[in-house]
Structures are given as structure tokens and as C-alpha cells.
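Dear colleague,

My notes on it follow.

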Amino acid sequence: MNDESLQNTSEQAITPEKLNYLKELTQHYYNIDSLAKYMDVYRISKNDPEDFWNTIAERNFEWRKKWDSVLKWNPKKAEVTWFEGAQLNITENAIDRHLETRGNKTAIIWEPNDPEEKTLYISYNELSKRVNKMANVLKKNGIKKGDRVCIYLPMIPELAIATLACARIGAVHSVVFAGFSALALSSRINDSECKMLITADGSYRGSKSINLKGIVDEAMGDTPSIECVLVVKQTSSDIEMVKDRDIWLHDELNQVDDKCEAEVMDAEDTLFILYTSGSTGTPKGMVHTTAGYMVYTAFSFKNVFQYQENDVYWCTADIGWITGHSYIVYGPLLNGATTLMFEGVPSYPDYGRFWEIVEKHKVNQFYTAPTAIRALAKQDVEFVDKHDISSLKVLGTVGEPINEEAWNWYYENIGKRKCPIVDTWWQTETGGIMISPIPFVTPTKPTFATLPLPGIQPSLMDDKGEELKGNSVSGKLCIKHPWPSMARTVYGNHQRYIDTYFSAFENLYFTGDGALRDEVGYYRITGRVDDVIIVSGHNLGTAPIEDAINEHPAVAESAIVGFAHKVKGNALAGFVILKNEGESRDKQNLSKEINQLISSKIGPIAKLDRIHFVSGLPKTRSGKIMRRIMRKISSNEGDQIGDISTLLDPDIVEEIKEKVQPFL
Ligand code: PRX
């Protein structure tokens with residue numbers, strides 16, 4: 001079922017009647033409900049991608065003006081445009097067009113951290129009013145089309161509303177996950193010179209209350225572009241409001257109208273920036289534009305979750321990540337769906353919380369991450385069994401490879417062997433789901449993302465730059481043809497975009513992942529092949545963490561690697577060389593200080609589980625750190641490190657083995 005077998009299905013099978021029938025299907029997206037239909041649709045999308053996307057875009061969205069060209073693609077310069085010449089506003093598609101038929105339908109269900117607190121049901125009518133009002137608040141405070149607005153909010157309705165309010169007036173949102181540190185926040189604000197910051201006085205996470213505004217105040221010491229901080233009252237904690245800078249959202253909302261004309265946007269105007277870790281240096285601000293992102297997220301949401309009109313859909317991600325952007329906010333709302341937003345964590349007040357919410361709202365599609373599944377699978381199955389979760393139809397997973405044990409637990413205990421699992425592979429950069437089963441259509445296979453969605457052409461490459469044809473092969477995962485929701489550039493640094501994604505292989509987008517294609521053409525993602533480590537589903541680049549460690553005055557040099565962890569997927573191990581004066585320091589205290597430093601520079605998610613103080617690192621004669629060696633030793637595969645003769649100092653390997661041994 002890979003490229004080859006798709007080509008082999010006879011081209012003559014497409015008669016003019018059949019083509020018409022397939023085109024008819026696009027009236028309501030391609031409603032793919034059989035494997036045969038998937039094969040037909042996939043082949044059409046591959047034979048003529050432009051015609052395919054032209055049809056999808058034309059029949060399923062509202063445009064102020066149609067496009068002059070579907071796709072322009074210059075692979076040498078990595079320049080791509082989709083639907084050039086078209087004009088639209090994404091909020092007219094995600095909100096306004098539903099008002100006549102779905103005005104009273106719930107758009108967002110908001111489930112608070114504390115189960116005793118009130119759930120909110122926000123209808124499309126109310127969402128429209130709240131987005132329009134917030135948009136007017138932004139305008140009143142000087143935000144115009146093209147201005148960047150940073151959003152640093154917990155999972156409260158204002159987070160979704162703020163993103164849509166930006167889109168309403170053509171401002172570019174840059175959401176920063178509210179678990180990031182002050183420094184991570186300020187560096188992201190400065191990179192894209194945001195004019196405004198939207199935040200809250202505080203946030204709740206389980207039994208903890210977090211002083212979000214305190215972090216913001218710290219970040220604001222170094223963010224000259226910010227003119228105004230808009231503050232949502234959430235925890236009513238005692239905070240300082242800085243004169244001429246901080247304003248309360250509720251005060252502002254009292255002063256504006258609930259109607260705000262949608263800004264007419266060009267197809268390629270930027271919709272948002274979202275930062276992702278790179279394997280080197282500073283985070284990359286991935287730029288997503290309006291029309292292509294809209295078309296692809298809507299199309300993929302509809303097909304991957306098989307959302308039906310009265311379903312309740314829940315994605316447990318945070319809107320601070322791409323999963324939340326595409327599949328809590330835009331994808332569902334573009335389809336007129338009911339999307340659930342959860343403020344809290346899976347373990348509060350106990351490990352049954354997810355299943356309690358599924359029961360309470362009769363959730364039909366549930367989309368989460370392997371790390372959450374593994375954490376929940378470790379608990380007593382009682383936490384699941386005391387809830388009626390029979391409403392579930394489709395289960396999803398995203399963010400990292402899912403191991404077979406977790407897959408099976410999910411399938412049996414949550415899906416009761418009747419819900420297909422959609423293992424969705426994609427990236428911040430791809431904007432939408434790329435490889436995934438279509439539920440009830442694609443037979444699933446544990447740990448396999450299975451087949452590409454229509455319009456997506458994966459290819460596996462070997463190290464010599466040759467494409468691996470046929471089945472039962474593994475290599476580096478690339479994508480051949482542009483797709484509408486691909487990121488267009490790295491904000492302010494197009495060269496970095498070219499270098500990272502388009503220079504490894506000619507004319508191909510390189511994902512940074514390794515994958516295998518099995519004997520029937522199913523894809524399984526095997527993990528990163530670069531220096532990005534995925535911890536609990538979060539991408540972490542090695543370089544920024546090492547930079548943080550190296551800032552400690554006692555540290556001379558460091559290297560970090562990932563090692564397998566039962567819940568997090570990967571955890572981090574740091575190998576640290578101390579300066580002479582550091583040698584006499586208490587190692588436990590030093591470890592604590594190093595982790596505090598990482599927390600303050602990046603965020604608690606980047607903390608090291610193990611810290612080893614060593615006298616040297618395994619380096620090649622040219623000075624390159626061989627992380628592979630430390631990775632193998634940390635994963636208890638020290639007997640498989642292979643040839644170390646190219647190392648400058650092979651003896652260091654023994655020392656590293658000794659230091660790591662007690663942790664294995
Ligand atoms: O390595 C792949 C892994 O997550 C990376 C992308 O991370 P991020 O940009 O944060 O986006 C995560 C949410 C889309 C990928 O390069 N990844 C994502 N989904 C899967 C996965 N690995 C294996 N299986 C998946 N389903």
C-alpha cells in the first residue's frame with residue numbers, strides 16, 4: 001500500500017464517471033469510509049495534487065476572493081505559496097459561517113482543574129461574541145494587522161479566544177506554553193518582537209497554584225518590544241499591576257462592542273508563529289500562514305477523527321503546542337465541532353480524572369500522548385473501570401513513538417477492543433497530521449502510524465541520499481511534494497529553514513525522523529535521527545540544555561543524551577566536566593543547582609534525571625562529541641557501542657560506564 005502498490009492499482013480504473021463520483025465526495029471533505037476509497041482518493045491526490053487541493057478548498061470553505069494559483073513551489077529557495085491571490089479570514093470559517101445553523105451548539109466545553117468548579121459550555125454564538133470583544137480590546141490597545149501578540153496563558157477559554165481574536169484582526173499569535181520559564185518566554189517574545197503579551201494572574205495545575213504573573217514580570221525586564229500586558233483574572237492572587245503597562249482584560253472587555261469586522265487576509269499572510277526546539281541554538285519560530293493551514297487542518301481533523309455532527313471531541317494537549325493549535329482550536333472549530341478544553345492534569349484529584357471527564361461529557365473522540373497513556377497504565381485499572389466510558393469511538397495518540405505495551409493497554413482498557421487507535425505522526429513544522437490510520441478504514445497495527453493521508457507523499461532515504469524503494473526498508477523520513485499546511489519559514493531566518501529542512505536531500509522536506517516501511521507499506525516512526533530528544537512528548541534540543549548547564553560557574557563542559565524511560569519515553573542524562581575549583585563541591589548540591597539553572601533557563605520539562613560528573617567526554621579527533629556512546633551506555637547497551645578507535649581518548653568510555661552503572 002505504499003507508493004509502489006498505489007501505482008500498481010490500474011490507472012485505467014479511473015473512468016470519467018468514477019472521477020465525477022470522487023469529486024462529488026469532496027463536497028463534504030473526502031468522506032473516506034473504505035480502504036478502496038482511500039486508495040482512490042490517495043491516487044488522485046498524488047496524480048494531481050493541485051487539482052485535489054483546489055477541489056477541497058473550493059467546496060468546503062468560505063473565501064472573500066478565490067485564488068489565482070493553487071501552488072507555487074521553488075524547492076531551491078524553499079519558497080512555497082498555496083492559494084495565492086485568495087482572500088479570507090479564518091475566523092469567518094471557524095465561527096461566523098456556523099452561526100446560522102449551529103449558533104446554539106456548544107463550540108467549547110471547558111473543564112476546570114478542580115472538578116468541584118463549574119464546567120463552562122461556550123456556544124458558537126457566545127464564542128463569536130467573546131472573540132469579537134477580545135479582538136476589539138486588542139485593537140483598542142493599538143494592535144494592528146501583522147503585529148505579533150504573545151500569548152502566555154494556562155488552559156482557560158481565554159487562551160483559545162485570544163488566538164482567534166488575533167486571527168480576527170490579522171494579528172499574528174505566538175503562543176508560549178505556560179510551563180516555560182521567564183527566560184524562555186522573553187527570548188521568544190524578543191525573537192519575533194511581540195508588541196503585546198496576554199497572560200493571567202496565575203494558573204492551577206492539580207493541587208498547585210502557579211504565579212504566572214511573577215514569571216511574566218521577570219521576563220518583562222528584558223522585552224523592549226512589549227507595550228502592553230493584558231491580564232486575565234483567573235486565580236485572583238495578589239499580583240502587582242505595573243502602571244502604563246498592565247491592564248486587566250475584564251476592565252477592557254467592559255468598554256468594547258461585541259462586533260468586530262474580520263480583517264481580510266491574503267492566503268499567505270501569517271496566521272501564527274510557534275516555537276520549536278532545534279538541535280542547535282535558539283528555538284525556531286515556525287511560521288504558519290492562513291489559507292493552507294486552514295484547508296489542511298480542517299481536512300485532516302475531519303478524516304482522522306471521523307467527527308460526526310453531535311460528537312464531543314477531546315484532545316488533552318495544551319494549546320501551547322501545535323497539537324492544541326491544530327486539533328483543539330482550528331481543526332475542530334473549522335468543522336463546527338464541539339471541542340473540549342481541560343485546564344488540569346490527568347492525576348488530579350486522582351488518576352481517574354480523564355475517565356471521569358469522558359463519562360461526564362460522553363466524549364466520542366479522545367486524543368492524547370503516549371507519555372500520558374504510560375503514566376495512566378501504571379495505575380490500578382480500577383481508575384478506569386469505575387467510569388462508563390462507552391461513548392468512546394476513536395482513540396488517538398501523538399507526539400512520540402508509542403510502545404506496544406502502551407498501545408495494547410490503551411486498546412484494551414480504554415477502547416475495550418472496539419475503538420481504533422489513530423497513531424498520528426506529524427510535527428510543529430507540518431501543521432497537521434501527515435501519517436495516520438483513518439479510523440474504521442485503515443486496519444491498525446500497534447506502534448505503526450500506518451499510511452499517509454491524501455496529499456502526503458512520504459519517502460525514505462538512505463545515508464547516501466538515495467531513495468529506498470519498495471517495502472521492508474528503513475531510512476530517513478522525508479516528504480516529497482509540498483502540502484498546504486507546511487511551515488513557510490523560520491521567523492526572521494529563512495536560511496535556517498533551508499538548512500534544517502531542505503538541505504539534507506535535494507527537493508525533499510527532511511523531517512529529522514527515522515522510519516521504517518513494513519512489508520505492506522505501513523510506516524512506523526522509529527524516532528529522531530538528530531540531536532532532538534523527545535521527553536514526555538516535548539521536543540528538547542541538546543544544545544540549549546547544554547548551554548544552560550555550561551553557564552554554571554563550576555562547569556567546564558557538558559553533554560546530554562536521552563535514555564529510555566518507562567513513563568516519559570525518554571529521560572535526560574547529563575555528563576558534566578567540572579572546572580578544577582568545582583571538583584571539591586558536594587555533588588548532590590551541584591546537581592540540584594544545575595537542574596535549577598535548567599529550570600530557570602528553559603523550564604522544568606528539561607530537567608535531568610541523571611547527572612554524571614566525568615573527567616572527559618568521548619570525542620572524535622576532530623572534536624565532535626559522540627553522543628551515541630553515552631546514549632548506548634545510559635540505555636544499558638554498553639556492550640553495543642561498536643568501534644571507538646576514532647576517539648581521541650578511548651579510555652574515557654570505561655570511566656563513563658563505571659559512572660553510569662549504579663543507575664542501571
Ligand atoms: O519525532 C516525531 C515525534 O514528534 C516530533 C515532532 O514534535 P513536535 O513538533 O513537538 O510535534 C508534536 C505533535 C505533532 C516528530 O518529529 N512524533 C510526533 N508524532 C509521533 C512522533 N513519533 C512517533 N509517532 C508519532 N505518532
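Ser174 has Ile273 of S14 as its bridge partner. The model in which this pairing occurs is a predicted one. Two bridges join strand S7 (residues 172-175) to strand S14 (residues 270-276), and the sense is parallel.

Both strands belong to an open, mixed sheet of eight strands, ordered S12-S11-S8-S6-S7-S14-S15-S23. Strand S12 (246-248) and strand S23 (489-490) are the edge strands; each has a single partner, so one side of each lacks a neighbour in the sheet.

Helix H9 (residues 182-191) packs on it and touches S6, S7, S8, S14 and S15, with its direction at about 165° to that of S6. Helix H12 lies across S14 and S15 and runs at about 80° to S15.

H12 (residues 290-305) also meets helix H4 (residues 49-60): their axes come within 10 Å and cross at roughly 85°. H4 is therefore roughly perpendicular to H12. Trp53, Ile56, Ala57 and Asn60 of H4 make the contact with Val295, Ala298 and Phe299 of H12. Six of the residues in this contact are nonpolar, one is polar and none is charged.

With kind regards

Terms used: Residues are numbered from 1 along each chain as its sequence is written. This is a predicted model: local features need pLDDT of at least 70, side-chain atom pairs count only at pLDDT 80 or more; totals for chains, interfaces and linings use all residues. Axes are lines fitted to C-alpha atoms, for helices over the stretch in contact, and angles run from 0 to 180 degrees between N-to-C directions. Helices (H or I, at least four residues) and strands (E, at least two) are DSSP runs, numbered from the N terminus. Angles under 35 degrees count as roughly parallel, over 145 as roughly antiparallel, 65 to 115 as roughly perpendicular and the rest as oblique. Two residues are in contact if their C-beta atoms, placed from the backbone, lie within 7 Å. Ala, Val, Leu, Ile, Met, Phe, Trp, Tyr, Cys and Pro count as nonpolar, Asp, Glu, Lys and Arg as charged, and the others, Gly among them, as polar. Two strands pair if DSSP finds at least two bridges between them.
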